[in-house]
Amino acid sequence: MKINIIGGGPAGMYFAILMKRAHPAHDITIFERNGPDDTFGWGVVFSGKTLANLRDADEASHAEIIRDFKAWDNVDVVHRAEKISIHGNSFSGISRLGLLKILQRRCEELGIVLNFHSEISDLESQRANCDLLIGADGVNSTVRQTFADHFQPELSVRPNKYIWYGTSQLFHGLTLTFREDNAGVFAAHSYKFNQDTSTFIVECDPATWANAGFAEMSDVDTRKYLEKVFAKDLDGHSLLSNNSKWINFLLVKNGRWSFENTVLLGDALHTAHFSIGSGTKLAMEDAIALKACFDADLNVPSALRRFEQVRRPVIEEYQAAAHESMVWFESARDYMHLSPLDLAYVLMTRSGKIDMETLRRRDAEFVAAYERRR
Ligand SMILES: Cc1cc2nc3c(=O)[nH]c(=O)nc-3n(C[C@H](O)[C@H](O)[C@H](O)COP(=O)(O)OP(=O)(O)OC[C@H]3O[C@@H](n4cnc5c(N)ncnc54)[C@H](O)[C@@H]3O)c2cc1C
C-alpha cells in the first residue's frame, strides 16, 4: 500500500511507525513543511495510562520516551500566595522537540521516507498518487480546508488569549497559578519537562488582555509585564520566548472524518483545550486506533469508516470534558473569591471526570482537609 502523510507531528509520524512495523512492504512518505529541528512550544504532558498505551503500541519508542521524561504525581494550585498540593495523579512531561526527535529516529530506522521542508498545497495530486492520504497537518490543516465540503468542519475561536513560554524555574508538578493585578486575572499552567526547563503557559480573558495593553506591547515588554505578575512564582527566573505569540484557542470538530482514501488525524481532526493537556496524547492514540482498523480490514474506505465509528465516541467524551475545563478558565475571575482550598477542589472537579470519591482515593488527606473546612 502506498501511504502519503501530510504533517510530521506526533499524529503523522506515530501512525507511520505503527503501520510500517506491521506491514514493512508498505511505501510510506511523510511531508513536513518544517525542518527536523524546528518546533513550536516547550513540553507536553502524558498521563500514566497514555504511557501504557504507547508501550503496548511500540515498545521501542516508548523505551526512549520514558528514558527522557520527568514524572510527578501532584497537581499544585497556587492562589493568594498559598499552594495546595493534590497527590495521586500520574503525569509525565517531555519536551516536544525531544518527542519529535525520538519519533523521527524511529521512522528512519523503519524505512519511512521523511521529506522535510516540503509544504504541500496541491492535495488533489497527492491524493491521486497514493492508496491512503492522511491529513495530520495540525490545527490549521490545509487538508481539512481543501476538502471542507467533505469534512464539514465546525471551528470555534474561543475568547481567552494564551501564550506558550518556557522558563528555567522548575515547577515540580502540574502547577496552576492564579495572580491578579489592575488589569484583571492571569492563570499560568506550568510543569517541568526536563532537568532545567518548565513549560509556562499564561492565559487571561479578553478584558484583562485589553486592559494590560498587550496589543501594542513588544515581545520583550510582554515578558517583562508577565514576569512582574508572576514574580513570586518565577522567583527571579525569566520567561523564555520561542517566537511565542498570544493566540486564541481554536476548537476543531468535523462532521465527517474521512472520504474515499483520505482521513484526518490529530489536531487536524479535533482539538481539546490545553488545560487538560491531552492534544499529543489524543493525536498518538488516534494513530493507534487507525492502525488497529487496518489490522481488521485492509480495504481503505471501510477501514476509515470503522475508524470514525470506533474513535468518535472516545473523542467526543474527551472534548466534552475539555470543554468544561476550557469554559472554567474562561470564567476564572468568577472563582477568585474562593479560598485556596475551595478553589483547588473546584479546579480538580471542573471537567466532570473526577468526583469526590475519585479524589479521596487519590489523596485522602486533601479531601479530609476540604471536608473539615466545609
Ligand atoms: C499552548 C499549548 C499547550 C499544549 N499543551 C499540551 C500538553 O500539555 N500536552 C499535550 O499532549 N498536548 C499539548 N498541546 C497540544 C499539542 O501540541 C498538539 O495537540 C499536538 O501536537 C497535535 O499533534 P498533531 O500531530 O496532530 O499536530 P502538530 O503537532 O501540529 O503537527 C502538524 C505538523 O504538520 C505540519 N504541516 C502543517 N501544514 C502542512 C503542510 N501543508 N505541508 C506539510 N506540513 C504541514 C506542521 O509543520 C506540523 O509539524 C498544547 C498545545 C498548545 C497550543
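**Around the ligand**

Mentor: A nitrogen atom of the ligand lies 3.2 Å from a backbone N or O atom of V45. This is a predicted model, in which local features need pLDDT of at least 70 and side-chain atom pairs count only at pLDDT 80 or more, while totals for chains, interfaces and linings use all residues. Residues are numbered from 1 along each chain as its sequence is written, and side-chain values use heavy atoms, with hydrogens and water left out.

A polar side-chain atom of R96 is 2.8 Å from an oxygen atom of the ligand, and an N or O atom in the side chain of Y191 is 3.2 Å from a ligand oxygen atom. A polar contact is a pair of N or O atoms within 3.5 Å; within protein, one must be able to donate a hydrogen and the other to accept it, and residues adjacent in sequence count only if both atoms are side-chain atoms. On its own the ligand has 1000 Å² of accessible area, and the protein covers 93% of that. Such areas come from the Shrake-Rupley method with a 1.4 Å probe; for residues, only the protein chains shown count as cover.

Helix 1 (10-22), strand 3 (43-47), strand 10 (153-167) and helix 11 (279-296) are the elements that give two or more residues to the shell around the ligand. Helix 11 gives the most, with 4 residues. Helices (H or I, at least four residues) and strands (E, at least two) are DSSP runs, numbered from the N terminus. There are 34 residues around the ligand, and A11, E32, R96, D267 and T280 come nearest; a residue is near if one of its heavy atoms lies within 4 Å. Sorted by class, the shell has 15 nonpolar, 12 polar and 7 charged residues. Here Ala, Val, Leu, Ile, Met, Phe, Trp, Tyr, Cys and Pro count as nonpolar, Asp, Glu, Lys and Arg as charged, and the others, Gly among them, as polar.

Next, the strands, starting with strand 3. This strand is largely enclosed by the rest of the structure, because 4 of its 5 residues are buried. Buried means under 20% relative accessible area, exposed over 50%, and partly exposed in between (1.4 Å probe, protein chains only). Strand 3 runs antiparallel to strand 7 (residues 91-95), joined by 5 bridges; in this pair, G43 stands opposite S95. Two strands pair if DSSP finds at least two bridges between them.

Helix 1 belongs to a right-handed β-α-β unit with strand 1 and strand 2. A crossover is right-handed if, with the strands pointing away from the viewer, the path from the first strand over the helix to the second runs clockwise. Strand 1 (residues 2-6) and strand 2 run parallel and share 5 bridges. I3 has I28 of strand 2 as its bridge partner, and N4 stands opposite T29 in strand 2. N4, placed in strand 1, counts as buried because its relative accessibility is 1%. N4 and T262 are 258 residues apart in sequence but 9.7 Å apart in space, C-alpha to C-alpha.

Strand 2 (residues 27-31) is mostly covered, with 4 of its 5 residues buried. Strand 2 also pairs in the parallel sense with strand 8 (residues 113-115), over 3 bridges, and there the bridge partner of I30 is L114. These strands sit in an open sheet of 6 strands with the order 8-2-1-9-17-16 and mixed pairing. Strand 8 and strand 16 are at the edges, each with a single partner strand, so one side of each has no neighbour in the sheet.

The loop between strand 17 and helix 11 holds both H270 and S275. H270 is buried, at 3% relative accessible area, and its side chain makes a polar contact of 2.7 Å with the side chain of D286. S275 is also buried, at 8%, and its side chain makes a polar contact of 2.6 Å with the side chain of H273.

Last, a backbone detail. Most residues other than glycine have a negative phi. E260, in the loop between strand 16 (258-259) and strand 17 (262-264), has a positive phi near 45° and is not a glycine.
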